[in-house]
Structure formats: structure tokens, C-alpha cells
Amino acid sequence: MSFLKLDKVVKRYGSIPVIHGVSLEAKKGEFVVFVGPSGCGKSTLLRMIAGLEEISAGDVSIDGRVVTSVAPADREVSMVFQSYALYPHMSVFDNIAFGLKMAKMPADQIIGRVDEAASILQIGPLLSRKPRQLSGGQRQRVAIGRAIVRHPKLFLFDEPLSNLDAELRAQMRVEIARLHRNLGVTMVYVTHDQVEAMTLADRIVVLRAGQIEQVGSPSTLYDEPANRFVAGFIGSPKMNFIEARIGAVADNAITLSHPAFVGGTLTVERAPLRPVSPGAPVTVGLRPDNLTIGSPNPILNLTADFSENLGGHTQIYATATDAPQIAILANGRRAIVRGATLPVGLASGRVYLFDADGIAM
Amino acid sequence: MAATRIGSLLHALGLLIVLAFALFPFYWMVTSSLKDQTELLASPPVWFFHPTLSNYMDIFADTKVTTAVLNSLIVAVSTTLLSVILGTPAAYALARFEFRGKADLWFWFISNRMISPIVLALPVYLLSRQVGLLNTRLVLVLIYLTFNLPIVVWICTDQFRSIPPDLEQSARLEGASQFDIFWRIYLPLGLPGVAVSAIFAFIFSWNELLYALVLITSQGLKTAPVVATNFMSGYELPWGKIMATGTVIVLPVTVFAMLVSRHMIRGLTMGATK
Ligand SMILES: Nc1ncnc2c1ncn2[C@@H]1O[C@H](COP(=O)(O)OP(=O)(O)O)[C@@H](O)[C@H]1O
Ligand SMILES: [Mg+2]
């Protein structure tokens with residue numbers, strides 16, 4: 001039984017469709033992350049679940065109840081806005097208590113609930129302050145406190161960390177993960193940051209232009225991206241793509257041809273997912289962290305361009321004929337000479353193949 | 001360093017000149033109200049004199065003046081309250097809702113202020129006579145409301161538009177009704193705009209002379225500006241009394257503006273977002 005269910009939901013602004021019939025199910029207690037480039041409709045979809053955005057077609061159900069035409073307040077969901085949306089003229093206490101007051105909860109119970117939320121988020125000493133007297137991280141905590149105090153069935157987060165600096169972002173990411181573990185509540189989290197998606201999600205929903213590209217666990221999306229878009233979006237540093245052609249196809253091997261490959265060809269020892277014909281264009285995907293320099297059996301012959309020292313790793317950028325830039329993430333510090341020949345091997349992982357339509361093959 | 005100091009000195013000097021220019025009439029009015037008739041008419045004017053409250057005693061002994069001030073207070077306070085009570089919900093609707101005819105309504109509000117009041121004086125007079133509202137305080141309240149509402153709606157719409165829409169959505173999600181949202185979020189956060197428009201409404205209603213002169217003829221209902229001009233009839237010009245009445249007229253507006261201006265702090269919405 002799914003806890004949250006989207007059934008072919010559509011959103012149109014006027015006549016312009018923004019969400020094109022999205023169907024999705026989430027189990028109780030699951031942490032679902034919507035990820036995708038800016039403008040792909042993540043917020044719109046989230047706000048449709050919250051009820052803040054009218055649903056043009058399709059249905060949303062929460063906990064077995066169709067809520068498509070239920071008022072936002074009666075859906076028992078809480079939302080943390082990207083802007084936090086704290087009420088600037090109210091104290092932290094009143095901000096957190098607002099929803100409870102609206103629900104006409106007795107004052108002594110409100111105090112108990114606010115104290116509970118404040119202690120979970122360690123904002124007890126801030127309760128009498130106004131939002132403008134708080135730092136960005138503290139405002140973020142208050143916004144989360146306001147969400148948890150109502151004991152909702154479903155938490156919605158819309159890019160809650162995007163206004164924080166890198167260090168706070170990493171810290172709050174851990175706290176949100178901990179919160180999810182401790183509360184055990186279903187959460188839907190929107191981000192355009194694939195690191196947040198990978199680290200927080202039980203399941204990731206990759207969106208593009210109002211459509212789902214793929215749904216799966218972080219490792220599924222990483223290991224078996226359904227298409228080139230997902231492959232390029234999930235994983236950091238980004239996957240390298242080489243536009244090659246199919247050379248020959250045998251029962252259990254595909255030979256690819258491109259000038260960057262050693263000897264002009266590369267043989268992948270597996271059967272294609274679908275029948276392919278020799279000469280067809282194919283996109284070859286190689287993850288930078290799977291590539292290694294100085295391997296005894298190199299697959300790529302590249303020309304070194306420049307490198308970035310990342311401390312424990314070195315990111316090396318190289319080029320080849322018809323391949324403008326290929327990144328390699330190497331362990332340790334490597335000094336490279338610009339223009340030198342760089343034999344690159346595949347240390348781990350796999351060679352990803354995508355057909356002309358970008359579908360994995 | 002030296003350049004910026006000279007710059008700020010010049011700046012202060014400029015401000016002083018403007019301030020003196022603005023305040024001198026007030027200074028002259030207040031000091032004149034404290035002079036007796038001989039000092040008042042002295043030429044060249046006397047700068048040092050023995051202040052006397054006799055002008056004030058005279059005008060307050062005259063029930064005409066006290067009744068007029070009371071009438072003005074009743075009319076101005078009612079108008080201001082009604083303008084704010086009726087104008088702010090309208091402003092909220094215009095700021096945050098899409099509805100048919102919104103643009104036309106908006107234009108109508110603005111165009112109300114494009115008409116010179118005197119153009120309407122005669123029609124309004126005839127209309128009020130027909131419906132039997134001549135010589136009532138109500139007719140003044142209604143007329144002033146017509147002139148004040150556009151300003152209140154205008155200023156408050158602008159103010160409400162600057163409130164982040166996320167606040168309203170968050171409140172809605174937390175179970176706030178439409179009225180709660182208006183009352184607990186828009187009004188308190190829009191207070192600077194509400195205060196400014198209330199001051200405008202009060203000053204306009206308090207000072208208005210034309211309609212008060214035309215629509216009210218019975219002595220007991222006249223407002224303060226009308227009574228002040230009444231001194232200027234006959235053969236003498238009692239400057240001291242005129243100035244004292246003027247001072248009494250200016251005082252409530254000043255007090256009101258000072259009380260309300262506390263709420264005109266900027267940056268009230270700071271800390272809502274980011
Ligand atoms: N009120 C609106 N009217 C028209 N188009 C809108 C409106 N709100 C959002 N959109 C469009 O819907 C698309 C998805 O927006 P959004 O859900 O905010 O994207 P994301 O959160 O993924 O960045 C965008 O192309 C945006 O331009
Ligand atoms: Mg968004």
C-alpha cells in the first residue's frame with residue numbers, strides 16, 4: 001500500500017503544460033527526493049502535493065485518501081519553503097506555534113509541542129527572538145521546527161538548503177537525515193543538487209521538463225541510469241560522453257569505434273539491451289572516478305590538458321580527436337605535462353552505452 | 001577625508017535652509033498667536049515680545065471654535081477609520097488575487113484622484129440636497145471617504161505586494177483562514193503603508209475646506225478650517241485669534257502623525273526570507 005500516490009498529475013498554467021502526467025508512489029516512511037535542473041517543475045509538483053497549486057488533471061492521494069480537492073491545511077502536510085517563509089513580525093515561538101494556534105490547540109499543549117520541537121532542533125534559547133535576529137542556519141532550523149511541531153503525515157521540503165553556505169549545508173543535510181531516521185515520517189525533498197539527492201534519498205525521482213526520467217535508489221540511478229540525461233545528472237564529477245559508432249556486434253560483445261580509443265576501437269563484453277546495427281551512432285559514457293592513469297591495458301589515448309588539485313584527489317582534464325574534454329578523477333596528487341600523451345584505463349565500473357535517442361543500451 | 005567632512009557640512013547646511021523654509025510659517029503662526037494686537041501689527045516685526053495666552057482664552061471662550069474643532073475631530077477620525085477599514089481589504093485583494101475587472105477597478109481608483117475636487121462641488125451639492133444629507137457630518141465623511149479611499153488602496157496595495165507570497169502560502173498550509181492571513185500577516189507587515197495612508201486620510205479630512213464650506217451651513221456643524229476663515233469677515237482682522245485657531249488646528253494633525261509615524265519603520269519584512 002503506497003502512502004503517497006500521484007496518479008497522472010498534470011499542471012497547466014493557462015494552456016501551457018508544465019507537468020505532463022506524472023505518476024509516482026512512495027511508501028510510508030520513505031525519503032523521496034525530486035531532483036532535476038532548474039525550471040523542470042520540481043517545486044510545482046511539490047506544491048501540488050501540498051495543495052498550494054491547483055491540479056489541472058490527475059489525482060494525489062495521501063495515506064489512502066484522495067486529496068486532490070482537499071484544502072492544503074487539511075492534508076496534514078508540512079512544508080519547508082526555500083525562502084523559509086518565517087513570519088518576520090512574530091517571535092520564533094510564535095512562528096513555530098502559528099499552525100497550532102490556527103488549529104485552536106490549548107495554550108499549555110502548544111507550549112509542550114513547541115518545547116519538544118525546539119529541543120529536537122536545539123533552538124530552545126532562540127524562542128523569544130525575531131527572525132531577523134537569527135543567522136541563516138538558525139532560520140532554517142526554525143522553519144523545520146515549524147514543520148515538525150504539527151506532527152504532519154508528510155513533510156515537504158523545497159530546496160531547503162540552497163540559501164546556506166557549503167559548510168552549513170553539509171551539516172544541515174546530516175541533520176535532516178537524522179530527523180528522518182528519528183521521526184520515521186515520509187518526506188519529499190526537492191533539490192537541484194545531486195549530492196543532496198544521493199546522500200538523503202531512499203528513492204530519487206529524476207525530473208526533466210515536467211516528466212519523470214527515472215525513479216530508483218541512488219545506487220540504481222548511479223549504476224544503471226535509464227538514459228543519458230540521468231547518467232549526466234547523477235554522479236559527481238559528471239560522466240564523460242564520447243560520441244562513437246557501433247563497429248561490430250557479436251552475441252556477447254559490442255565493438256565501438258572512435259579515434260579516442262586505443263587502436264580506434266573499444267570492445268565492451270556484454271550483450272546490448274536491444275538489437276543494434278553496425279554503423280549506428282552511440283554515446284559512450286565513462287565515469288571520471290572509474291578511469292585511471294597509467295593502467296597496464298589502457299582503453300583511451302588522450303592528450304593531457306590541465307589538472308586541478310583537490311587535496312586527496314586530482315581532477316585531470318584531457319582531450320582527444322572528436323572528444324573535447326574528458327575528465328579523470330585520480331587518487332593522490334598527479335603532476336601532468338600539458339600536451340603529453342595520457343594512456344587511460346578503466347579501473348572499475350562499466351562502460352555505459354546510449355543509443356541515438358539517449359536510451360541506455 | 002576633509003572633502004567628505006566639507007561635503008556633509010554642506011549637506012547639513014542645505015537641510016537647515018530647507019527646514020527653515022518649511023518651518024518658518026509655523027514659527028510665525030505660533031509666535032503670532034502668542035502676541036497681542038499691537039505687537040502683531042508692529043512694523044518692522046518684533047522678534048522679542050511678552051508671550052500672552054489671551055488669544056487662546058478668547059477662542060476657547062468662543063464655543064464656535066471648540067464646537068468646530070470637535071466637529072472636525074469627529075469627521076476626520078471617522079473618515080480615517082473607515083478609509084483604513086474599507087481600504088486595506090480592498091488593497092489586499094488587488095495585491096494578491098486575480099479577478100475579472102481588476103485592471104479596470106485599479107484604474108478607477110486612480111482616476112478618482114485625477115479629478116479636481118472643485119469640479120464635483122456643484123453636482124455633489126445638488127445630490128446631497130436631493131437625498132437630504134446637506135448639513136450633516138455624514139455627508140462630509142462620505143465625500144472625504146471618496147477622496148481618501150483611492151490613496152489608502154493605492155499605498156496599501158503597493159505595500160502588500162512587497163510582502164513575500166510564501167508567507168501567505170505557509171500560513172494557508174498551517175490552517176490560517178483568508179481573514180487570519182489578512183489580519184495576522186498582511187496588516188501587521190503592511191503597517192508602514194497603513195500608517196502613511198492613515199496620516200494622509202486624516203490630514204486631508206482635517207484640512208478640507210471646499211466641501212466643508214459648501215455642504216455645511218448651520219453654525220453648529222461647521223468644521224475648524226471653515227470657522228478659521230470666518231474670522232476674516234467684517235471690518236477687523238483679528239490676526240491673533242486667526243493664528244491661535246490655526247495653531248489649534250495644526251496641533252491634532254501633528255500629534256496624530258507623530259503617534260502613527262512610529263509604525264513607519266522600514267525593513268519590517270526583513271528576516272522573512274533567506
Ligand atoms: N505561476 C506560473 N505561471 C506560469 N508558469 C509558471 C508559474 N510558476 C512556474 N511556472 C513555470 O513552471 C516551470 C516549473 O517551475 P518550477 O516548478 O518552479 O521549477 P523548479 O522548482 O524545478 O525549478 C517553469 O518553467 C516555470 O517557468
Ligand atoms: Mg523550485
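How many residue pairs are in polar contact across the interface of chain A and chain B? The rule finds nine, with both residues at pLDDT 80 or more. Here, a polar contact is a pair of N or O atoms within 3.5 Å; within protein, one must be able to donate a hydrogen and the other to accept it, and residues adjacent in sequence count only if both atoms are side-chain atoms.

1. A word on the model. This is a predicted model, in which local features need pLDDT of at least 70 and side-chain atom pairs count only at pLDDT 80 or more, while totals for chains, interfaces and linings use all residues. Residues are numbered from 1 along each chain as its sequence is written, chains are lettered from A and ligands numbered from 1 in the order in which they are written, and side-chain values use heavy atoms, with hydrogens and water left out.

2. Chain A overall. You will find eight helices and 20 strands in chain A; helices (H or I, at least four residues) and strands (E, at least two) are DSSP runs, numbered from the N terminus. The C-alpha trace of chain A spans about 75 × 45 × 35 Å along its principal axes. Of the 361 residues in chain A, 51% are buried, where buried means under 20% relative accessible area, exposed over 50%, and partly exposed in between (1.4 Å probe, protein chains only).

3. An annotated part of chain A. An unreviewed UniProt entry gives "domain: ABC transporter" for residues 4–234 of chain A. Such positions are in the numbering used here, feature names are shortened, and annotations may be inferred rather than shown by experiment. Residues 4–234 of chain A are 37% helix and 26% strand, with end C-alpha atoms 24 Å apart.

4. Chain B overall. Chain B has 13 helices and zero strands. Its C-alpha atoms fill a box of roughly 70 × 70 × 30 Å, taken along the principal axes, and 39% of its 274 residues count as buried.

5. The unreviewed UniProt entry lists several stretches of chain B as "transmembrane region", among them residues 12–30 and 242–260. Residues 12–30 of chain B are 100% helix, and their end C-alpha atoms lie 25 Å apart. Residues 242–260 of chain B are also 100% helix, with end C-alpha atoms 28 Å apart.

6. Where the chains meet. The contact (heavy atoms within 4.5 Å) takes 26 residues from chain A and 22 residues from chain B. A:Pro88, A:His89 and A:Met102 supply 24% of the area that chain A buries against chain B, more than any other three residues. Together the two chains bury about 2200 Å², 60% of it on carbon and sulfur atoms; this buried area is the accessible area (1.4 Å probe) that two parts lose on being put together, summed over both.

7. One salt bridge. Between chain A and chain B the count is one salt bridge, meaning a side-chain nitrogen of Lys or Arg within 4 Å of a carboxyl oxygen of Asp or Glu. B:Glu174 and A:Arg146 form it, their closest N and O atoms being 3.8 Å apart. Elements giving two or more residues to the side of chain A that touches chain B include helix H2 (92–102) and helix H4 (136–148) of chain A.

8. A loop residue. A:Gly184 sits in the loop between helix H5 (166–183) and strand S8 (186–191) of chain A. Is A:Gly184 buried or partly exposed? A:Gly184 counts as partly exposed because its relative accessibility is 43%.
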